[in-house]
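These are my notebook entries on a structure that I had not examined before. I recorded what I looked up, entry by entry.

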Amino acid sequence: MKIYKSIITVILTILIAIPSTIANAEVLQQALSASLSLTSPIPNPALTGGDITFELAVNVANSNPGVAGIEVYLSFDPALVTPPTTPNGAAEVLPDFFGASNVSINEVLPAAQCPGAASPCVHLVLAGPAQTTQNGVAARFHFRGLAVGSACFTVLQSNLVNANGFQVVHTPATQQCVTVQYRGIVNGVVQRQGVPASPNTGAGTTACSSVTAIGAETFGPVNTNNTSGFKLTNLSVGAYTVRATYPGYLTTEKTGVSIVAGGPAINLAAATLRGGDVNGDNAINILDIGAVISKFGRASLAVKSASANCTLADEPADINDDGQVNISDLAITAGNWGSVGPVLWP
Ligand SMILES: [Ca+2]
Ligand SMILES: [Ca+2]
Ligand SMILES: [Ca+2]
């Protein structure tokens, strides 16, 4: 009997509780809520000299008479990032929250004019038709990486204002940070013995020597262009050996190429590959002489450097890429008799 009594009590308690729970939920759903947030910076890690973007998202629910103004002071670390001057400046106003017809102030202020006066900031003011319940991106911030480090963006102060001009209490945006990394560039020229710097002049042809930077990571290969130049980009900080190759030629290498954070682009001295290694074993000897002689007199041969994208196969016995194996190829090979690679880059 006592057990039945308890069960009835529990059931009654639940029945009484259900309507009030629904009522509370309705009250919660109608309650005002508003928040600002910053999206994660893209890309992360970013690069020195590279673009960084992130967005200001606004979420408002049940605001009466509705949010009609947003003001944000966003601090940044001027040692690590800078707002670009073009094309949109520091902030690009987007229509996702207020619609297309919003007005804005978008300015970069010196530290003295920013809340806290500790760092410069982007001052952004947006206004538009009152939004009662709306979730959207109001603006996109643009920065450029300057130096290596962790660059943080903080909303120093934000104001949400309703259509009557009163402040709307809101959850402020939390800080976002991006790692700025350095990426280096190595430039140079790789010519080939017996071949002009602009081989096979004509539309789209390139010199097609293959250049690779080998370190903890490998970058490349890239092909030399129509004037025998190359550019290796996006190298992470570290030490590299730069290696240049072409079929029928000894490898040339530059060791100790060092990419340091913030350093300028490295320009290597021009190198000229030495011809005659027909069999590709990085030594020029009787085997290579034999290989040239065995194909002596052949014509219309495949030439890698005659193709725009260097995808053609190459006949290595045609050292100088004129499409035929003759006395010129034999002379180049014989002249380098006994040479071995890798040859040191000048
Ligand atoms: Ca050889
Ligand atoms: Ca060839
Ligand atoms: Ca030839």
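**Entry 1: a calcium ion, ligand 1.** I looked up the protein donors of the calcium ion (ligand 1) and found Asp277 (OD), Asn279 (OD1), Asp281 (OD), Ala283 (O), Asp288 (OD) and Asp288 (OD), at 2.2 to 2.6 Å from the ion. Donors are N, O and S atoms within 2.8 Å of the metal, or 3.2 Å for Na, K and Ca; water is not among the atoms, so sites may look incomplete. Along the chain, the donors of this ion follow the spacing D-x1-N-x1-D-x1-A-x4-D. I noted that the 6 donor atoms around ligand 1 subtend angles of 51 to 166°, which makes the arrangement irregular. For the term I used these limits: four donors are tetrahedral if all angles lie between 85 and 135 degrees; four are square planar and six octahedral if opposite donors are over 155 degrees apart and all others between 65 and 115; anything else is irregular.

**Entry 2: the basis of the values.** I noted that this is a predicted model, in which local features need pLDDT of at least 70 and side-chain atom pairs count only at pLDDT 80 or more, while totals for chains, interfaces and linings use all residues. Residues are numbered from 1 along each chain as its sequence is written, chains are lettered from A and ligands numbered from 1 in the order in which they are written, and side-chain values use heavy atoms, with hydrogens and water left out.

**Entry 3: a calcium ion, ligand 3.** I turned to the calcium ion (ligand 3), which is coordinated by Asp318 (OD), Asn320 (OD1), Asp322 (OD), Gln324 (O), Asp329 (OD) and Asp329 (OD), at 2.2 to 2.6 Å. The donor residues of ligand 3 are spaced D-x1-N-x1-D-x1-Q-x4-D in sequence. With angles of 53 to 161° among its 6 donor atoms, I recorded this site as irregular. Aspartate 322 is partly exposed at 36% relative accessible area, as is glutamine 324 at 35%.

**Entry 4: two helices.** I looked up how helix α2 (residues 286-294) and helix α3 (residues 327-335) pack: the angle is about 175°, with the axes 10 Å apart. Helix α2 is therefore roughly antiparallel to α3. The axes are lines fitted to C-alpha atoms, for helices over the stretch in contact, and angles run from 0 to 180 degrees between N-to-C directions; over 145 degrees counts as roughly antiparallel. Asp288, Ile289, Val292 and Ile293 of α2 make the contact with Asp329, Leu330, Thr333 and Ala334 of α3. Contact means heavy atoms within 4.5 Å.

**Entry 5: backbone details.** I recorded a cis peptide bond between isoleucine 42 and proline 43, with omega about -5°; proline 43 lies in the loop between β1 (33-38) and β2 (46-47). A cis bond also joins asparagine 64 and proline 65, with omega about 15°. Proline 65 is in the loop between β3 (51-61) and β4 (67-75). Asparagine 62, also found in the loop between β3 and β4, has a positive phi of about 55° and is partly exposed at 29%. Asparagine 282 has a positive phi near 65° and sits in the loop between β21 (275-277) and α2. Most residues other than glycine have a negative phi, and most peptide bonds are trans.

**Entry 6: two buried loop residues.** I found serine 119 in the loop between β7 (103-109) and β8 (121-131), buried at 17% relative accessible area. Leaving aside neighbours within four places in sequence, serine 119 is in contact with Ser75, Phe76, Ala111 and Cys114. Glycine 89 is in the loop between β5 (81-82) and β6 (91-93) and is buried at 16%.

**Entry 7: totals.** I noted 3 helices and 22 strands in the protein. Helices (H or I, at least four residues) and strands (E, at least two) are DSSP runs, numbered from the N terminus. Buried residues make up 42% of the 346 residues.

How values were computed
Angles under 35 degrees count as roughly parallel, over 145 as roughly antiparallel, 65 to 115 as roughly perpendicular and the rest as oblique. Buried means under 20% relative accessible area, exposed over 50%, partly exposed in between (1.4 Å probe, protein chains only).
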